[in-house]
Amino acid sequence: MSIARSASSLQLARETRERFVSATEGAIAPLAGAIRDRLTALASEVGNARSMQENRDDFVAFQGHATQWVTLAQAGWRKALGTTSGAMTAPAALRLELIGNEVVESNILSSRLAQMIHDKASFELSDLRLRIQHLEGTTELDAKDVLKPETLAKLLVDQWLAAGLSRGLWARVQDTVQQGLVEVIVKAYESANAYLIANGVMQEIDLKSFVRRTGNAGGGGSGVAPVDSGMTGGSTIAQRPGYGFEGHQQASMPSTMAPTSTTGGSPLMIARQRAQTALLSLKRFVTARIGGDAGGAAAQFQAGGAEGRATGGGGQPGQGGGAAPRVFSRTFAGAIADAEVAYRMAATQYMDGAGEQATLIQQTAVDLRRRSTELKKRAPTTADKATVEIVALMFQAILAEERIPFSARVWFARLQMPVLRVAIAEPEFFGTLQHPARMLIDRMGSCVMGFDAAAITGSALEGEIRRVVQVIEQYPETGQRVFKLVFDEFVAFLNRYLTQSDTTQRVMSVAQQVEQKETMAIQYTIELRKMLNDMPVRDEIREFLFKVWAEVLAIAALRYGAQGEQTVMLKRVASELVWAASAKPNRTDRARVIQDLPQLLQRLRQGMALLGIVDEPQEAHIKTIGATLSDAFLSKTEAIPQAKIEAMAERLAHLEDFVSDVGGTADLPLDAHSIELLLGVDAASIEVIPDAAGTKVPEDMLAWAHELQVGNWFMLDHNDRVSQVQFVWRSDRKQLHLFASSDGRSFLIQAGRLATYLQAGLLVPAEEETLTVRATREALAKLDANPERLLN
């Protein structure tokens, strides 16, 4: 039945927001102090003249506007409280409008801060949201609710700009902003939850009740972001990718289409087939041996996975084609929980032990094996017994993996009981590589197997693995939801962790700018072609505008901004050149050409200099243009109406409003020389591997290149030198890929060359299979040799 929301409930929600705003408002002034301290430190550092001047300018700028920013931000934050309603506001009328570059750039800055808050406060924020929705009888918070991280992040950035501070300065101090703000906000969320609990609001949150599941093909209306968006019905195979060989993505496959051979097809498809075959073989083995169970254990074990989902259509992970996760014995669940707590205590002793690591790992394996045997005795069904045995064998294989450093293996072992609980409740764990528990273990395993023990121990990566395991242990009843949550958090961590070094940051910045510049050049060329499509312009001028001036405009927009003074001037040069190259039949126009020509040529030279076109190449272009202008002066070219020239100039002035996104189709002229020439950056530390001219890249290889997962390790054979490299970054448009070697070198590889290296075996995954697939295969081998152990 519906629950009427009393005035006291709404008042309590408002008081919670007031307490939250009060707690976070107090952080703004100290935050300004932290920024000032940071800028003071930078201003006192010794470096090159340019950086020292920039640091001093930053300090002076902030000193002059800091007080105003604090005042505006605090006032705006208090005012934001008044705009928050207790219910979802009605959507505004649909407006189609262009968004300026400045707005987009500001949104990017605020979204980074909001994402950081989300990462650190995800659980507290989720609980608080549920409690407020319960109080107010809503299904979602208002888009501008002060409790949403996006609201405060956007306000701080907007008021920063309103106070006269620049976006560039914000970007340079955003790490300080995050450090000074995130902890305060997390504590504010914790305090708000504690306040509501003290007032009797949802003292215990049953997270399962908030997971709305549906059997519809669209998979909509879920309180948890689904890992698989579902099937389209019938026997169609899901095209939604998951994770397979060396961490790349894996499509689900029904048993009726399971491969009987691993020959033929691309390496990517072969790897997918091998991985899926291992899972299908395990499922068939188990169901064949528990099929006689009177309680229907075989059907229970086979409820989820590739077979169940691919033919049933529409199910989300954990549903078994639409069914809810299986509810198992409370007594058995309690036994698993007891075993988990006991092993957790034992694992702490192993970590603190002074013995040989091999001995400690052996003790860990024996301990887990003993607890698994005890659990099998208490399992209420044969399916549960089989599940306990298979999970135990899988984790035995993981513990025996010597390439995983000791400390990481002990943390992996602590996941056995949480995974067992999920595998019993959600049988599809055994049938799909897309299950979040598998994805998490595979991703963590693919990262740590490339490091030696000394590099892992005490590192941020080990700390993140520890945090992930502890979070899962803290939320034992949330099933795959908590695995999906921490998987997303781990991926976000990797993106930060693998790119945190100054060298990598510099390489990323350069690569991203090169890609952005080339993409803009293509966009500008397309628009220039459209503008000149019906204009009688000489081919020499057309070629110059398409091949040279489009690049000039792109690099200018990158350096000075799309509406920067220099960029606007260079845009205007394009229309002036077109006009100057048209016929000049009257004396007034000829006089104007004579008057404006020196300045026009000077600006043309200035633009070409941006691209590094100087000396003889520049003179060649000027000579060609000069000849065309001479013909125009003598009316040997065709006339262009002044109205068309003016329309072109107007369109050029706002060129960014008309360009379309060409995606990742750009052919980037990538090499170390072009990086240095275009951006003025020393590329000596970057091994640049550009696309090979004229080489046709197979689509399946390109798809494989695009699906490589950040954090995975590879063996790269480049110029007859083999290096172990880790994939650390991919550009926004998937054109550029950065690999870092263990000896400190960086390899920036274009997508086409990356695909051909994969095809030729010059870039080979360090691991042919993910950790859980290999563990599944080893478990199946032991079961094949000793099938009686499955149920004994």
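In the predicted model, Glu-183 forms a salt bridge with Lys-187, in which the closest N and O atoms are 3.3 Å apart. Both residues belong to helix α6 (residues 167-198), where a spacing of 4 residues places them about one turn of the helix apart. Glu-183 is partly exposed, its relative accessible area being 48%.

Asp-367 and Arg-370 are 3 residues apart in α11, so about one helical turn separates them. The two partners fall into separate accessibility classes: Asp-367 has a relative accessible area of 7% and is therefore buried, the limit being under 20%, whereas Arg-370, at 40%, counts as partly exposed. In helix α21 (residues 565-580), Arg-572 and Glu-576 are 4 residues apart, and the separation is again about one helical turn. Their side chains form a salt bridge at 4.0 Å, N to O. Arg-572 is partly exposed, with a relative accessible area of 38%, and Glu-576 is likewise partly exposed, with a value of 28%. Beyond these pairs, a network of salt bridges links Glu-340, Arg-344, Arg-414, Arg-421 and Glu-473.

Helix packing was characterised for two pairs. Helix α15 (residues 436-448) and helix α17 (residues 460-474) pack with their axes 11 Å apart and at an angle of about 165°. Because angles over 145 degrees count as roughly antiparallel, α15 and α17 are assigned to that class. Their crossing is left-handed. On the α15 side, the contact involves Leu-440, Met-444 and Val-448, which meet Leu-461, Ile-465, Val-468 and Ile-472 of α17. By class, this contact comprises 7 nonpolar residues, with no polar and no charged residues.

In the second pair, the axes of helix α12 (residues 382-399) and helix α28 (residues 771-785) come within 8 Å and cross at roughly 120°. The crossing of α12 and α28 is right-handed. Helix α12 contributes Glu-389, Ile-390, Leu-393, Met-394, Gln-396, Ala-397 and Ile-398 to the contact, while α28 contributes Leu-771, Thr-772, Ala-775, Thr-776, Glu-778, Ala-779, Lys-782 and Leu-783. The residues in contact between α12 and α28 divide by class into 9 nonpolar, 3 polar and 3 charged.

Methods:
Residues numbered from 1 in each chain as written. Predicted model: local features only at pLDDT ≥ 70, side-chain atom pairs only at ≥ 80, totals over all residues. Heavy atoms only, no water. Axes fitted to C-alpha atoms, helices over the stretch in contact; angles between N-to-C directions. Parallel < 35°, antiparallel > 145°, perpendicular 65-115°, else oblique. Left-handed = near helix turned anticlockwise from the far one by under 90°. Contact = heavy atoms within 4.5 Å. Nonpolar A, V, L, I, M, F, W, Y, C, P; charged D, E, K, R; others polar. Buried < 20%, exposed > 50% of the residue type's maximum accessible area, 1.4 Å probe, protein only.
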